[in-house]
Amino acid sequence: MDARYDVVVVGGGAAGLSGALTLGRARRSVLVVDAGRPRNAPAEGVHTYLGREGVSPLELLAAGREEVIGYGGEIVTGTVTTAERLDGGGFRVVLADGRSVEADRLLVTTGLTDELPDVPGLAERWGKDVLHCPYCHGWEVRDQKIGILGTGPLSVHQALLWRQWSAEVTLFPHTAPELGHDERRQLAARGVSVVEGKVAGLEVTDGRLSGVRLADGRVVGCQAVATAGLLTAQAGLLAALGLETEEMEMSGHVIGTRVPADPAGATSVPGVWVAGNVTTLNEQVIGAAAAGVRAAAAINADLVAEETRRAVAAMDAHATSEEYWDARYAASAQIWSGNPNEMLVREASDLAPGTALDLGSGEGGDAIWLAGRGWRVTAADVSGVALERAAGHAAAAGVADRVDWQRHDLGVSFPEGVFDLVSACFLHSFADMPREEILRAAASAVAPGGVLLVVGHAGWPSEAHDPHPDVHFATPQEVLAALELPDGQWEVLLCEEYERAQHGPVPRSGTGRDNVLKVRRLPG
């Protein structure tokens with residue numbers, strides 16, 4: 001075994017091998033750990049499996065293993081005792097012999113255990129002529145004498161179902177609830193005999209089932225017996241992950257326990273999928289195989305999504321500011337609402353129009369608003385895509401001649417000149433961007449009597465995904481301190497945090513917290 005795999009599949013039945021085959025064909029590193037004790041090993045053949053009808057269960061699994069190995073998958077014999085989450089992500093799978101292996105994702109296909117009724121001889125004949133599923137075995141015992149060993153409320157349903165394959169069906173209520181009047185009428189109408197009394201054992205003649213022996217000594221001839229035990233998911237290995245089983249019902253009656261999962265097999269534990277009888281107790285072999293394929297496809301998609309997130313983060317980490325912002329703007333026809341910042345509108349509406357510098361102008365909402373009020377605006381942004389888009393908006397608004405669009409990486413170059421208003425709205429940066437130096441340069445660009453307005457987020461909105469955990473949201477007091485304004489030369493007009501409505505290309509409900517700093521350079 002290697003140290004780590006993309007996926008470890010626990011259980012090598014039809015579901016597990018189908019999942020492993022799918023993952024191998026998706027070029028994933030995959031390991032299958034299987035104890036080699038399939039539930040259907042006693043059966044002579046697998047049925048209702050298109051293209052493989054009647055194949056021996058062990059032959060089917062052997063062929064499946066070869067196919068998995070052919071696509072680079074690995075298979076080891078062993079029993080997994082526990083699985084635990086690793087601090088750095090992924091899982092450690094521990095085998096009974098002490099070996100362990102790590103995986104990014106888990107696919108658990110451990111199946112179930114049949115807890116058969118406590119009737120002597122029943123377990124020894126299980127899968128041969130003691131049966132459970134008419135779709136799996138009904139054809140093979142058609143027209144024979146079939147006994148139904150009753151164990152619960154679904155026994156009448158079971159007897160009526162098996163009646164499809166034979167006219168000689170006998171129900172032994174055994175430990176099932178007392179039959180009701182309507183149930184007896186249904187059985188009688190279909191010609192199903194009812195033999196009361198507890199079943200004490202099975203009669204076997206020449207190696208084959210020949211009858212059912214009752215506690216009072218009677219023997220009723222039968223060539224096959226169908227029964228239903230409690231079906232228990234083999235999920236103990238998941239306990240350390242906090243994944244518990246739940247009861248599964250059929251027609252309102254509990255038939256066993258299962259690991260809950262969504263239709264693709266995803267459990268409540270991120271990174272863990274299940275498929276086959278461990279989650280769907282009445283699944284047949286072909287259905288379990290299909291479930292393994294579905295789960296494997298979901299796992300691969302989940303891995304692709306994670307790998308893409310990492311690739312984008314790595315690209316962003318090595319991208320220049322121009323590359324990052326050009327890519328972000330190019331990915332959408334519109335990012336921002338197109339409206340001017342509400343704090344800019346509030347604080348600049350009563351200022352006499354003059355010259356303005358808009359830092360981080362983006363798609364031009366602030367610059368176009370200022371130009372429309374008579375300002376001559378220099379608008380700077382690092383993204384050429386954003387500037388080209390903004391210029392088009394300015395032309396449509398009829399103010400193209402009042403805005404000078406300039407491309408600047410403000411940490412490298414800065415617009416020349418002094419201005420009556422310098423606005424820096426939401427000029428947030430990555431950790432390596434010298435924001436404080438940029439804001440000090442912005443203060444230096446304010447003409448005597450002019451105003452510097454700095455607006456920023458107080459944090460990401462509570463419902464938003466944090467795309468850049470390395471961004472520091474400075475308080476207005478921190479911004480003021482970072483500006484290092486000389487005493488006696490500046491007047492603080494506003495320094496506070498406030499609440500604002502959410503805006504964007506698509507309207508959003510809710511509010512966010514922002515902060516604002518407004519300072520004026522004193523004349524003279």
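## A buried histidine in a loop

His174 is buried, with a relative accessible area of 15%. The cut-off matters here: buried means under 20% relative accessible area, so a value of 15% places His174 in that class. The model is a predicted one. His174 sits in the loop between β10 (169–172) and α6 (181–189). Its phi is positive, about 50°, although His174 is not a glycine.

Phe426 belongs to the loop between β23 (419–425) and α12 (435–444). Its relative accessibility is 28%, so Phe426 counts as partly exposed.

## Helix α11

Helix α11 has 14 residues. From first C-alpha to last, α11 reaches 20 Å, close to the 20 Å expected at 1.5 Å a residue. Which residues of α11 are buried? They are Ala386, Leu387, Arg389, Ala390 and Ala394. These residues cover an arc of only 165° around the axis, so they lie on the same side of α11. Glu388 and Ala396 are exposed on the other side of α11.

The cover over the buried residues of α11 includes α8, α10, β21 (376–381) and β22. At the start of the helix, a side-chain oxygen of Ser383 comes to within 3.3 Å of the backbone nitrogen of Val385.

## Helix α8

Helix α8 spans residues 321–330. Its buried residues are Tyr324, Asp326 and Tyr329. What do the buried residues of α8 pack against? Their partners are α7 (285–318), α11 (384–397) and β22 (403–407).

## Salt bridges across the sequence

The structure holds 27 salt bridges. One of them pairs Arg105 with Asp302, with the closest N and O atoms 2.7 Å apart. Arg105 lies in strand β6 (residues 100–108) and Asp302 in helix α7, so this pair ties together parts that are 197 residues apart in sequence. Arg105 is buried, with a relative accessible area of 7%. Asp302 is partly exposed, at 27%.

Glu363 and Arg389 form another salt bridge, their closest N and O atoms being 2.8 Å apart. Glu363 is in the loop between β20 (355–359) and α10 (365–372), and Arg389 is in helix α11, so the pair ties together parts that are 26 residues apart in sequence. Are these two residues buried or exposed? Both Glu363 and Arg389 are buried.

Some salt bridges share partners. Such bridges join Arg4, Glu84, Arg92, Glu102 and Asp104 into one network.

The side chains of Arg99 and Asp97 also meet in a salt bridge, at 2.8 Å from N to O. Where do the two residues stand in accessibility? Arg99 is partly exposed, with a relative accessible area of 32%. Asp97 is exposed, with a relative accessible area of 51%. Exposed means over 50%, so Asp97 falls in that class at 51%.

Key: Residues numbered from 1 in each chain as written. Predicted model: local features only at pLDDT ≥ 70, side-chain atom pairs only at ≥ 80, totals over all residues. Heavy atoms only, no water. Buried < 20%, exposed > 50% of the residue type's maximum accessible area, 1.4 Å probe, protein only. Helix = DSSP H or I, 4+ residues; strand = E, 2+ residues; numbered from the N terminus. Contact = heavy atoms within 4.5 Å. Salt bridge = Lys/Arg side-chain N within 4 Å of Asp/Glu carboxyl O. Expected span 1.5 Å × (residues − 1). Arc of directions from axis to C-beta. Polar contact = N/O pair within 3.5 Å; in protein donor to acceptor, adjacent residues only side chain to side chain.
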